[in-house]
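User: Please take a close look at one part of this model: the interface between the two chains. I would like one connected account.

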Protein chains: 2
Amino acid sequence: MSNYHAFTEAEAIEYARGIEGMFPEGAQLVSREIGDGNLNLVFHISDPVSGRSVILKQAVPYAKVVGESWPLTLDRARIESEALIIQGRLCPDLTPKVYAYEPDLALTVMEDLSDHIIMRRGLMERNRYPLFAGHIGEFLAKTLFFTSDLAMNQQEKKLQVKAFINPELCKITEDLIFDDPYTDSPNNSFDVHLRDAVESIWADTELHLEVALLREKFLTKAQALLHGDLHTGSIFIKPDSTKVIDPEFAYYGPMGFDIGAVIANLLLNYAGQEGWSPSDADRADYRRYLLDTVRDVWTEFETRFRALWNEHAADRMAKTPGYQDLYVAGLLQDTIGFAGAKMVRRIHGLSHVADIDRIEDAAVRERAQRLALAIGTALIKRGRSARSIDEVLDIALSATK
Amino acid sequence: MSNYHAFTEAEAIEYARGIEGMFPEGAQLVSREIGDGNLNLVFHISDPVSGRSVILKQAVPYAKVVGESWPLTLDRARIESEALIIQGRLCPDLTPKVYAYEPDLALTVMEDLSDHIIMRRGLMERNRYPLFAGHIGEFLAKTLFFTSDLAMNQQEKKLQVKAFINPELCKITEDLIFDDPYTDSPNNSFDVHLRDAVESIWADTELHLEVALLREKFLTKAQALLHGDLHTGSIFIKPDSTKVIDPEFAYYGPMGFDIGAVIANLLLNYAGQEGWSPSDADRADYRRYLLDTVRDVWTEFETRFRALWNEHAADRMAKTPGYQDLYVAGLLQDTIGFAGAKMVRRIHGLSHVADIDRIEDAAVRERAQRLALAIGTALIKRGRSARSIDEVLDIALSATK
């Protein structure tokens, strides 16, 4: 990494100008730094005349949120770039195109998706995306199936596991999702009105046992190459298009973690709808849309995953009668458990979601937070015995007053 | 590996002479090549005057069994050496001392254990080793616990997983143990009198499902650094000492695979006792000793593993009430299933065991083979629901006419 240095906007423009075939000769390029301010610089470089644009994403060797004092290796830029390339090969319509990757600069050059919006914002604006469940079901089915032992040469898969060993970013998940929320950790952050609910989570050993089992799977189950952070802030969307971005948490882990992340974030938005009351009927209707989407995400995933298995399983033993059914049943259970864990951490852990935090009225926000905790903890406890995605919908409905 | 070349005996002697402090100045060293002829050269270098000796084990870049045409990377020498060093740090009394490792030569210099015998031979001679269960229980508990997420810094564990990605040798296990024996593969090898039993294994889809699940665990469950080939041919023994050797199959996998390997090989010897009939009472008595050892191996492992967990768990969440019990219950189930798979492959797969193959009378050998298959398949089918090691003993006893 000896040639690494963080780009200035002028350098980003200069670099972009050098990309062959990207911009017309002599274009007056404009740069905006649009990173979320945590781990990366993100330069949006555009030519107002031709309308062309491109994204330069550069990792910085520290977490900006705490200044330069929290070092992070730049290897995550390699992991993100390689994961994007694999996902792009499998799902070209559902990922940003990667034009170049510069290891020395920890820099990925990729397609500008500014005509899409971040899905979290889309849901907060109560948009509906009828194609989303099919799109994300396809993304999940293809990326998880084709990177697993079911479809890959199993020796090549091991080398891919090796290439995606990702200790630093996995640690963030292990601590912030599977540990801190269940104990009185200084990393937690929550509204004072929530203390009784949080304390009962800290005391709930039945819940802790389920979380320990989920965490063990996250630590040991090298089932497929995960996106690793597949919340609605990692999805760009518009009515006719879905793009999954930011796979820097990619590593080989349990498939249910990615599927659960999508479902968790739909349900967090569901809980956040406490803050919206044009009429009870409208709110109930939007919530029904979200629950239908939860069910459809699973169903679209399962249908495609089984079809891929039937058509493309490379492994002779994958065709053993009964194996696919047991495998998929296990995926559903993992999905439900992980979905619960991904919800709970967003209420009183370090990192929250705008769907709920943006509710200004404290009493209403509290109702949304308690609803999310009720759904999340119930999902965690149900995971190991669940048999149908409908149980998730039942849990959400019965937790809703 | 540009400096690699396979040693001649003269070169092995020359190298040994250069090891500081090993042999007296001017000693007349003697070399014997004692490798089993498969994957490695093994030079036993000794000085008849001082009585000192040492082992030089050198990997060759092909499998000798098929000439030079089956290439194997020399990386397995690194893996074996690094595994020996880790196991030696955890269990210094139960492993050969490693004096040096030369990466360029794929050469490990280690303690000579010629005062021990290979345990398979010891059991074939019907020796009893009352300390063995305690020794191997300690080896299993310490090597598996201390290399797992329960005891390690979880980020360092990931780097260790990476260092022990071992595709070539895992492939041997995946094919020869978990695939070939369950289908009409050209790799299988069996006496013609056994064809009906083998064909019913090829047709037994209930069995295949359990094997597919075990194989999935072998492929994905990075629980601990395994020895990976812990049969009684990988154990040197004498009444007061047990030494585990040859961890070239080491990789991060499910703990039960190692524990099951030990139990399987005790039970293969149990089946092989068909070939011994001094009196029915003596045979029954030796078999009772073997079954007691099976039970004790598990019990000694479990007791120590739980004690290590209670004292040395690094992971806060490992202390969650109920977690240890569930974890150990899962280990027992894995152990029983893997033990069954390790037995079955030794009867009609590529690689057999002398405990049974050395029985000269074909009718007696056939009884031993059918007994081993009956026990092995019953263990595979019991694994997922087993609750006690006594079930293994019951299965063995009830399969024995």
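Analyst: What follows covers the interface, then the helices behind it.

This is a predicted model, in which local features need pLDDT of at least 70, side-chain atom pairs count only at pLDDT 80 or more, and totals for chains, interfaces and linings use all residues. Residues are numbered from 1 along each chain as its sequence is written, chains are lettered from A and ligands numbered from 1 in the order written, and side-chain values use heavy atoms, without hydrogens and water.

Start with the extent. Chain A puts 40 residues in contact with 40 residues of chain B (contact: heavy atoms within 4.5 Å). About 3500 Å² is buried between chain A and chain B. Buried area here is the accessible area (1.4 Å probe) that two parts lose on being put together, summed over both. Carbon and sulfur atoms give 61% of the area. On the chain A side, Lys158(A), Thr220(A) and Met317(A) lose the most area to chain B, together 16% of what that side buries.

The rule finds six salt bridges across the interface of chain A and chain B (a side-chain nitrogen of Lys or Arg within 4 Å of a carboxyl oxygen of Asp or Glu). Arg215(A) and Asp315(B) meet in a salt bridge, at 2.6 Å from N to O.

Which elements of chain A give two or more residues to the side that touches chain B? They are helix 5 (154-163), helix 6 (167-176), helix 8 (205-220) and helix 11 (323-348). Helices are DSSP runs (H or I, at least four residues), numbered from the N terminus. Helix 8 of chain A gives the largest share, ten residues. By class, the chain A side has 18 nonpolar, nine polar and 13 charged residues. Ala, Val, Leu, Ile, Met, Phe, Trp, Tyr, Cys and Pro count as nonpolar, Asp, Glu, Lys and Arg as charged, and the others, Gly among them, as polar.

Within chain A, helix 8 packs on helix 11 at about 105°, axes 10 Å apart. Axes are lines fitted to C-alpha atoms, for helices over the stretch in contact, and angles run from 0 to 180 degrees between N-to-C directions. Helix 8 and helix 11 of chain A are therefore roughly perpendicular (65 to 115 degrees). Leu214(A), Lys217(A) and Phe218(A) of helix 8 meet Asp334(A), Gly337(A), Phe338(A) and Ala341(A) of helix 11. This contact has four nonpolar, one polar and two charged residues.

Key:
Parallel < 35°, antiparallel > 145°, perpendicular 65-115°, else oblique.
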